[in-house]
Amino acid sequence: MFDLDLDLRNAVGLSESRDLYLLTDTNSQQYCLSEIRKTLDISAEHILCLPDGEQYKTLETVERIWDFLIKGNATRSSLLLILGGGVLCDMGGFAAATFKRGIPFVNIPTTLLAMVDASCGGKTGFDYQGLKNEIGVFYQPKSTVIYPPFLRTLPHDQLLSGYAEMLKHALIASPLELIHVLAFNIDNPDYESLAELIQRSIDIKQYIVDLDPEETGLRKSLNFGHTVGHALEEYSLSKGQKLLHGTAVMYGIVAELYLSMVKLSFPKQTMIQVVHFMLEHYPKPACACKDYEKLIEFMRHDKKNMSADVINFSLLRQVGNCRINQTAKKEEIGDALDFLFNL
């Protein structure tokens with residue numbers, strides 16, 4: 001649902017008597033919660049604010065959500081509203097999916113990344129033993145409410161983080177979508193035009209999810225850029241360093257476009273266009289060769305792999321032509337990492 005007025009009562013069909021619970025994170029509480037409370041009267045006892053950040057995407061935080069619902073006497077007819085970024089949407093959705101074997105929830109994403117990625121598609125979960133989203137289930141939200149004015153509260157690096165996922169959607173969709181995304185002035189955004197791009201990006205993902213809700217085939221194309229991207233993110237977390245998910249995915253897109261060029265003859269000129277976009281807008285990636293073994297080890301734990309010995313990728317033959325279940329040798333992955341880190 002793409003709602004510009006944030007009239008939640010109409011948007012999700014709430015009745016006055018609905019038993020509501022709301023999860024939010026510290027940033028969303030500060031910048032966005034007041035807008036929600038203009039529409040919905042939710043008691044303070046039914047609001048839980050959690051710390052923001054990937055380092056809090058843990059079982060312990062999920063337990064806090066369960067405890068909150070139990071303490072509030074939530075039932076299977078209760079409705080959980082999730083107001084926050086992608087980390088909260090993932091964890092809140094998992095908590096809803098498992099509390100009393102499943103209660104309905106509504107996503108109200110407050111970041112660009114959450115709007116175009118985490119809030120739609122039904123993937124829920126949390127990180128475990130340093131691995132991204134290692135524990136989770138597919139569980140669809142009752143609704144997702146997108147309110148673009150929230151984006152005006154975001155720092156620029158968070159906007160860029162979400163934009164990387166929009167670039168990924170464009171690459172797997174069509175040359176025309178790629179033209180639109182690369183041409184948009186993300187450094188000085190026109191928010192009305194951005195809202196239109198967001199709608200198209202969501203439509204791309206939702207079309208794929210509707211055809212393959214549990215990722216048995218086509219939906220794997222949405223993992224383009226994520227085999228390398230998740231490994232970089234996990235490695236940064238293991239070092240106590242901050243690397244935004246979308247920034248890691250941007251680096252993953254470049255590395256996996258290189259693999260696509262080598263293995264599937266993806267057009268070199270298009271890859272160069274994307275590389276220029278990354279270098280113009282994102283921090284330059286940095287990593288030492290000695291770190292490659294650890295990065296590849298993280299890739300071996302990726303959920304897309306069909307065995308522990310084979311690293312699986314979704315790669316592109318052309319823009320809009322994604323080939324799932326592609327594999328690469330350790331040496332080929334090393335070459336792709338060399339390409340990325342020597343730009």
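Q: Which residues are linked with Lys132 in a network of salt bridges?
A: Side chains of opposite charge can pair when their charged atoms come close. In this predicted model, a network of salt bridges joins Lys132 with Glu54 and Glu233.

Q: How many salt bridges does the structure hold?
A: The count is 12.

Q: Which residues of helix α13 are separated by about one helical turn?
A: Glu297 and Arg300 are 3 residues apart in helix α13, so about one helical turn lies between them. A salt bridge connects their side chains, with an N to O distance of 4.0 Å. That value can be read against the cut-off for a salt bridge, which is 4 Å. Glu297 counts as partly exposed at 35% relative accessibility, and Arg300 is also partly exposed, with a relative accessible area of 29%.

Q: With which residue does Glu293 form a salt bridge?
A: The partner is Lys330, and the closest N and O atoms are 2.5 Å apart. This pair links distant parts of the chain, since Glu293 sits in helix α13 (residues 292-300) and Lys330 in helix α14 (residues 330-341), 37 residues apart. Glu293 is partly exposed, with a relative accessible area of 48%; Lys330 is partly exposed as well, at 37%.

Q: Which residues touch the most other members of the largest nonpolar core?
A: A nonpolar core is built from buried residues joined through side-chain atoms within 4.5 Å. The largest one here has 85 residues, and Tyr163, Leu171 and Ile198 touch the most other members. Helix α11 gives the most to this core, namely 11 residues. There is also a second, separate core of 24 residues, which includes Leu23, Cys89, Phe105 and Phe126.

Q: Where is Pro267 found?
A: Pro267 lies in the loop between α11 (245-264) and α12 (268-281).

Q: Is Pro267 buried, partly exposed or exposed?
A: Buried means under 20% relative accessible area and exposed means over 50%. Pro267 has 26% relative accessibility and therefore counts as partly exposed.

Q: Which residues is Pro267 in contact with, leaving aside its neighbours within four places in sequence?
A: They are Arg317 and Gln318. As for Leu257, it is 10 residues from Pro267 in sequence, and the C-alpha to C-alpha distance is 9.2 Å.

Notes. Residues are numbered from 1 along each chain as its sequence is written. This is a predicted model: local features need pLDDT of at least 70, side-chain atom pairs count only at pLDDT 80 or more; totals for chains, interfaces and linings use all residues. Side-chain values use heavy atoms; hydrogens and water are left out. Helices (H or I, at least four residues) and strands (E, at least two) are DSSP runs, numbered from the N terminus. Buried means under 20% relative accessible area, exposed over 50%, partly exposed in between (1.4 Å probe, protein chains only). Contact means heavy atoms within 4.5 Å.
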